[in-house]
Amino acid sequence: QVQLVESGGVLVQAGGSLRLSCAASGNIFSINVMGWYRQAPGKQRELVAEIPSSGSTNYADSVKGRFTISRDNAKKTVDLQMNSLKPEDTAVYYCNCNVKRRTWSPFETYWGQGTQVTVSS
């Protein structure tokens with residue numbers, strides 16, 4: 001099995017910064033794309049940022065210039081540095097990884113349990 005454990009979600013004031021971390025563990029041969037999604041109350045889950053093993057990055061337009069995603073392949077971690085936070089960034093943030101468990105296995109998608117980020121105005 002594969003486990004994704006997130007940390008770093010808290011209550012922060014608008015304009016503040018926060019860093020989310022996600023660590024993957026378990027039966028892992030390789031990880032392709034690692035990313036962060038979020039879901040606000042009453043809204044669909046949306047992509048925030050993603051980073052493939054190549055290191056290129058992709059961001060939602062709403063967070064470009066404010067958020068930075070990074071990964072450590074050796075530690076199997078992905079972080080999301082969030083600056084200039086806005087109340088509309090309030091959501092549950094989920095870590096997402098595409099994992100190959102064996103050399104012959106297909107890539108499978110795994111999700112973390114989610115961590116709450118609340119930005120007060």
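1. Cys 97 is buried, at a relative accessibility of 0%, where buried stands for under 20% relative accessible area, exposed for over 50% and partly exposed for what lies in between, with a 1.4 Å probe and protein chains only. The closest cysteine sulfur to that of Cys 97 belongs to Cys 95 and is 4.1 Å away, which is too far for a bond; a disulfide is taken here as a pair of cysteine sulfur atoms within 2.5 Å. The bridge partner of Cys 97 is Tyr 110 in β10.

2. A word on the basis of these remarks. The model is predicted, so that local features need pLDDT of at least 70 and side-chain atom pairs count only at pLDDT 80 or more, while totals for chains, interfaces and linings use all residues. Residues are numbered from 1 along each chain as its sequence is written, and side-chain values use heavy atoms, with hydrogens and water left out.

3. How many disulfides does a search of the whole structure find? The search returns 1, formed by Cys 22 and Cys 95 with their sulfur atoms 2.1 Å apart. Because Cys 22 belongs to strand β3 and Cys 95 to strand β9 (residues 91-100), the pair ties together parts that are 73 residues apart in sequence. The link is left-handed, with -80° about the S-S bond. Cys 22 is buried at a relative accessible area of 2%, and Cys 95 is buried at 0%.

4. Strands and helices are DSSP runs numbered from the N terminus, strands being E runs of at least two residues and helices H or I runs of at least four; two strands pair if DSSP finds at least two bridges between them. On these terms, there is an open sheet of 4 strands in the order β1-β3-β8-β7, with antiparallel pairing. The edges are taken by β1 (2-7) and β7 (67-72), each of which has a single partner strand, so one side of each is left without a neighbour in the sheet. Neighbouring strands of this sheet are turned by 15° against each other on average, direction ignored, the axes being lines fitted to C-alpha atoms, for helices over the stretch in contact, and angles running from 0 to 180 degrees between N-to-C directions.

5. Within that sheet, strand β3 (residues 18-26) and strand β8 (residues 77-82) run antiparallel and are joined by 6 bridges. Arg 19 has Gln 81 in β8 as its bridge partner.

6. Strand β9 deserves a separate reading. Of its 10 residues, 9 are buried, and β9 is mostly covered. β9 pairs with β4 in the antiparallel sense over 8 bridges, and Trp 36 stands opposite Cys 95 in β9. With strand β10 (residues 108-111), β9 forms a further antiparallel pairing over 4 bridges. β11 runs antiparallel to β9 and is joined to it by 3 bridges, with Val 92 opposite Gln 116 in β11.

7. The largest nonpolar core has 32 residues, and those with the most contacts inside it are Trp 36, Leu 80, Met 82 and Tyr 93; such a core is a set of buried Ala, Val, Leu, Ile, Met, Phe, Trp, Tyr and Cys residues joined through side-chain atoms within 4.5 Å. Two or more residues come from each of β1, β3, β4 (30-39), β5 (46-51), β7, β8, β9 and β11 (115-120), and β9 gives the most, with 5 residues. Taking contact as heavy atoms within 4.5 Å and leaving aside neighbours within four places in sequence, Tyr 93 is in contact with residues including Leu 20, Trp 36, Phe 67, Leu 80, Met 82 and Val 117.

8. Two loop residues may be examined for their surroundings. Asp 89, in the loop between β8 and β9, counts as buried at 1% relative accessibility; beyond its neighbours within four places in sequence, Asp 89 is in contact with Arg 38, Arg 66, Phe 67, Ser 84, Val 117 and Val 119.

9. Backbone angles call for a last check. Most residues other than glycine have a negative phi. Lys 76, in the loop between β7 and β8, is not a glycine and yet has a positive phi of about 60°; Lys 76 is partly exposed, with a relative accessible area of 28%. Ser 84, in the loop between β8 and β9, has a positive phi near 50° and is partly exposed at 40%.
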